[in-house]
Amino acid sequence: MKNSLSGNEKGSRRKQVILLTAAALAEVVCLIGLAFFIRTNTLLALILALSFQIPLVVRMFTENRRVKILCRILSVLLLTAGLIAFLGCHGRNYYIESMTEADNNSVDTERYQPFSEISALGRLDEEPELELSEDLPVLNGSASLLPLYSSVINMLYPDTIAGLNENGSPYRFTNTQQAYKELFSGKTDIVFSEKPSDSILKEAEKKGLELELIPIGWDAFVFFTNSSNVVTELTQEQLRDIYSGKVSNWSELGGEDVDIVAYQRNPGNGAQDRLETFMGDAVLTEPERELYLDSEQGIAETASAYSNESGAIGFSFLYHSRSLSVDRGINLLAVDGVYPDNDNISSGRYPLSDRIYCAVIKGRSSSAVQELLDWIISSQGQRLVEAAGYAPN
């Protein structure tokens, strides 16, 4: 009878081991799937899955009462830790889903789609003096000039081209630094931008390339605040004091007793490059930062997007700021007593007037590229520049 019971006990234990092993394998599969979904460490998930089973297995094969109790307590602790970890991952996912993905370019490209009747592009009520159908130049540029080169594509390119950033499309939009990288590598033929930064010029020199800059019009570097702010003009020195942290409250500038929130942009953004040039030897403060969900579903940091609270100040190029003025209630600031309108910009009275250029690699331009460049500086091309919202040459 004793041997029979021992055999039954062994059989029972064998079944328990099989069941626990099956449960462990199922848990491993589930946790690997969960690890893949939440992009945590798979090895850690395996360790957690197996460690939960160890005390149960040890408890079955020991007769020591104290060890059995300790194994039971350890199993409960591991199970509790697993539950907390799962809830923590679930909370993390919920938090990520509640966040807005960072838009590095901060431009609504749908507003500037070529070949769309509802897009906000510049248009001329006349037939183009140039038609491009073959060997189409690939265009790219800064965020502030997307409306301009989209208007060029809308007027001169066939409406059968692939869409923005699609394979084989001559219509590209990245950020300023990436646009120049593509120009250097030959993926882009013409970059529409403000004057390239020193880092871009040094990169071209390093690669043995010479940039040719063709001036095609004027834009302006502008600063703006909430429309309720009583401060309507600042000097260049005051602006540098704000962005270097020397001035931190609007009351120091004749405004209300409100802390200044000086927003910046991400490195590589054309406007941020312009701010760094504007600052000269003055050192920029660290920008406000926020978290965002990157393309790998991980959390990263980015410069906080402009939020139009009462103490805010931001910057951009003129064209891009106009949509903010309409949509979000901002006021452009006069600088050194001069307001940034087209007349003051094109005449050079506004101190932060900026030329806008078509940049190409010297000696690399095809005949189609040269024809397009000649057209942009022609009288018809300049009328389109103005229609697109920029000051012509």
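Residues are numbered from 1 along each chain as its sequence is written, and side-chain values use heavy atoms, with hydrogens and water left out. Because the model is predicted, local features need pLDDT of at least 70 and side-chain atom pairs count only at pLDDT 80 or more, whereas totals for chains, interfaces and linings use all residues.

Side chains of opposite charge can pair when their charged atoms come close. A search of the whole structure finds five salt bridges, a salt bridge being a side-chain nitrogen of Lys or Arg within 4 Å of a carboxyl oxygen of Asp or Glu. One of them joins Arg172 to Glu182, with 2.5 Å between the closest N and O atoms. This pair links distant parts of the chain, ten residues apart, with Arg172 in the loop between helix H4 (146-156) and helix H5 (176-185) and Glu182 in helix H5; here helices (H or I, at least four residues) and strands (E, at least two) are DSSP runs, numbered from the N terminus. Both Arg172 and Glu182 are buried, where buried means under 20% relative accessible area, exposed over 50% and partly exposed in between, with a 1.4 Å probe and protein chains only.

A salt bridge is also formed between Lys362 and Glu210, whose closest N and O atoms are 3.7 Å apart. The two residues, 152 residues apart, link distant parts of the chain: Lys362 is in the loop between strand E11 (353-361) and helix H11 (367-376), and Glu210 is in the loop between helix H6 (198-206) and strand E3 (211-226). Glu210 counts as partly exposed, because its relative accessibility is 48%. In another of these contacts, the side chains of Asp354 and Arg274 meet in a salt bridge with an N to O distance of 2.8 Å. Asp354 lies in strand E11 and Arg274 in helix H8 (residues 270-279), so that the pair ties together parts that are 80 residues apart in sequence. Asp354 and Arg274 are both buried.

Helix packing was examined through axes, which are lines fitted to C-alpha atoms, for helices over the stretch in contact, with angles running from 0 to 180 degrees between N-to-C directions. The axes of helix H7 (residues 236-244) and H8 come within 10 Å and cross at roughly 115 degrees. H7 is therefore roughly perpendicular to H8, given that angles under 35 degrees count as roughly parallel, over 145 as roughly antiparallel, 65 to 115 as roughly perpendicular and the rest as oblique. The crossing of H7 past H8 is left-handed, a term applied if the near helix is turned anticlockwise from the far one by less than a right angle, and a crossing is right-handed if the turn is clockwise. For H5 and H6, the axes are 11 Å apart and the helices pack at an angle of about 15 degrees, and the two are therefore roughly parallel to each other. H5 passes H6 in a right-handed crossing.

Burial was also considered for individual elements and residues. In H4, eleven of the eleven residues are buried, so this helix is largely enclosed by the rest of the structure; among the buried residues are Leu146, Tyr149, Asn154 and Leu156. Val191, which lies in strand E2 (residues 190-194), is buried with a relative accessible area of 0%. The C-alpha atoms of Val191 and Val138 are separated by 8.7 Å, although the two residues are 53 residues apart along the chain.

By contrast, Leu70, in helix H3 (residues 65-98), is exposed, with a relative accessible area of 53%. Together with Ile69 and Ile73, Leu70 forms a nonpolar patch on the surface, with about 280 Å² of accessible area in total. Such patches are made of residues with over 30% relative accessible area and no salt bridge, like charges being joined within 9 Å and nonpolar side chains (Val, Leu, Ile, Met, Phe, Trp, Tyr) within 5 Å; the accessible areas come from the Shrake-Rupley method with a 1.4 Å probe, and for residues only the protein chains shown count as cover.

Most residues other than glycine have a negative phi. Phe115, in the loop between H3 and E1, has a positive phi of about 65 degrees although it is not a glycine, and is partly exposed at 32% relative accessible area. Asn165, in the loop between H4 and H5, likewise has a positive phi of about 65 degrees, and its relative accessible area of 33% makes Asn165 partly exposed.
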